[in-house]
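Here is a short report on one protein chain. Look at the sequence and the structure first, then read on.

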Amino acid sequence: MGVISQDVRSGAKPDRNLALELVRVTEAAALAAARWVGRGDKEAADQAAVDAMRVVLETIHMDGIVVIGEGEKDEAPMLYNGEHVGDGSPPEVDIAVDPLEGTRLAAEGRPSALAVIALSPRGTMFDPGPCVYMEKMAGGSDIADLLSLDRPLTETLGLIAERRAGTADPDAPDLLSQAMSWELDGAPMSDDNLLSFCLLMFAAGLDTVTAELAYGVRHLATHDRDRQRVVNEPEIIDDVVEELLRVYPIAMTPRVALEDTELRGCPVKRGQYVVLGLAGVGRNEADHERATEVDFDRNRLPNTTFGVGIHRCVGAHLARLELKVAYQEWHRRIPNYRIPAGAVYTECANLTLGLNNLPLEWDLPTPAQ
Ligand code: HEM
């Protein structure tokens with residue numbers, strides 16, 4: 001990656017040669033390091049990149065000083081902080097280099113290692129001073145004595161778990177404390193099952209509420225009357241949340257067919273996946289008038305936004321609360337907003353629907369507001 005700072009607005013011709021020279025610098029470093037990719041020797045890969053970068057830098061018409069380099073002079077023989085590079089002719093520039101960012105990635109044959117150089121006019125580059133790499137581990141005072149960088153992390157986690165075993169309060173009201181004493185088929189839940197449960201809770205609560213909010217906010221940004229009601233009638237907020245959930249259900253539920261069957265003429269074989277669109281209930285025109293329209297005065301029409309049956313959403317109440325707080329707080333601070341004319345946004349459809357982006361613009365409240 002080559003970066004050059006230059007004021008092209010001044011009308012001065014961009015100095016394209018210098019920028020291209022920089023590309024050659026990173027190219028040389030990358031090609032040299034490439035010979036060491038996957039060979040398990042990160043020092044050698046780094047050294048190859050440094051050597052190659054240094055050789056090409058020497059040939060460039062510039063008077064450069066390395067501001068951010070490989071380290072201080074006594075610890076880095078080449079490209080050290082303060083080293084002069086280039087052939088000494090103008091322009092005078094400051095330079096930052098990282099011949100091989102991701103030495104371990106390169107050594108292990110993994111992607112994303114980079115060769116980096118940046119230039120700016122002399123005296124303008126921020127000099128962070130000497131930097132040190134630190135390995136750190138943080139934890140509460142109750143486990144501080146167990147933290148050690150010399151021991152494998154999994155062992156340390158095991159020690160923490162042992163110390164905490166027995167300190168969990170099964171009567172504590174939170175879900176995870178309760179889960180510690182759950183049984184599955186008459187036996188205590190295994191650690192693996194508990195971990196799966198935690199991961200499911202994490203994943204299921206992660207993008208669902210944000211996706212739902214995106215559709216809700218998009219609706220309110222494009223329906224002034226509804227938005228004004230959210231702003232001016234705080235007492236209807238629960239109905240707002242329910243109605244937006246009904247009209248914009250974001251989840252689809254996959255199921256595996258247990259036997260050969262037929263759905264409206266479409267054959268489904270045992271073992272095949274069927275994805276059920278939950279919108280089919282709440283937005284069904286055959287059941288509700290103007291089913292796809294938002295109307296906060298409806299008396300909470302039946303819907304399946306949170307699913308049905310034994311897998312119905314465990315987080316439904318939490319989700320409703322999060323949505324309620326989000327709509328309330330947003331509209332308290334930003335009552336007037338809209339999607340800018342001509343703005344483009346896209347939708348993504350996996351098992352959860354969502355918006356990839358939602359451009360909004362809003363008016364700053366006047367001081368009196
Ligand atoms: C607007 C937000 C949300 C929507 C629309 C939603 C929707 C759903 C739906 C439709 C299901 C049923 C899946 C199926 O039958 O296969 C489900 C299950 C689940 N949801 Fe949510 N969800 C939301 C938020 C949350 C939150 C915040 C959490 C937890 C923090 C959560 C945790 C779960 C869990 C653990 C399940 C699996 C339940 C089981 O399989 O027994 N959800 N959700």
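Helices (H or I, at least four residues) and strands (E, at least two) are DSSP runs, numbered from the N terminus. This is a predicted model, in which local features need pLDDT of at least 70, side-chain atom pairs count only at pLDDT 80 or more, and totals for chains, interfaces and linings use all residues. Residues are numbered from 1 along each chain as its sequence is written.

Most residues other than glycine have a negative phi, and most peptide bonds are trans. Ser 112 has a positive phi, near 85°, and is not a glycine. Ser 112 sits in the loop between α3 (103–107) and β5 (114–121). The peptide bond from Pro 90 to Pro 91 is cis, and its omega is near 5°. Pro 91 lies in the loop between β3 (84–85) and β4 (92–101).

**Domains**

Domain bounds come from an automatic or database domain assignment. That assignment gives domain 1 (2–121) and domain 2 (205–362). Their C-alpha centres are 50 Å apart.

**Around the ligand**

A residue is near a molecule if its C-beta atom, placed from the backbone, lies within 6 Å of it. The ligand has 20 residues around it, and Ala 204, Gly 205, Gly 307, Cys 313 and Gly 315 come nearest. Which helix gives the most to this shell? It is α6, with 4 residues. The helices α6 (191–206), α7 (208–222) and α11 (316–333) each supply at least two residues. By class, the shell has 12 nonpolar, 7 polar and 1 charged residues. Here Ala, Val, Leu, Ile, Met, Phe, Trp, Tyr, Cys and Pro count as nonpolar, Asp, Glu, Lys and Arg as charged, and the others, Gly among them, as polar.

Axes are lines fitted to C-alpha atoms, for helices over the stretch in contact, and angles run from 0 to 180 degrees between N-to-C directions. Two residues are in contact if their C-beta atoms, placed from the backbone, lie within 7 Å.

The axes of α7 and α11 come within 10 Å and cross at roughly 45°. That makes α7 oblique to α11 (angles under 35 degrees count as roughly parallel, over 145 as roughly antiparallel, 65 to 115 as roughly perpendicular and the rest as oblique). Thr 208, Val 209, Glu 212, Leu 213 and Gly 216 of α7 meet Ala 319, Glu 322, Leu 323, Ala 326 and Tyr 327 of α11.

Helix α9 (residues 237–247) also has its axis within 10 Å of the α11 axis, and the two cross at roughly 115°. On the α9 side, the contact uses Ile 237, Asp 238, Val 240 and Val 241.
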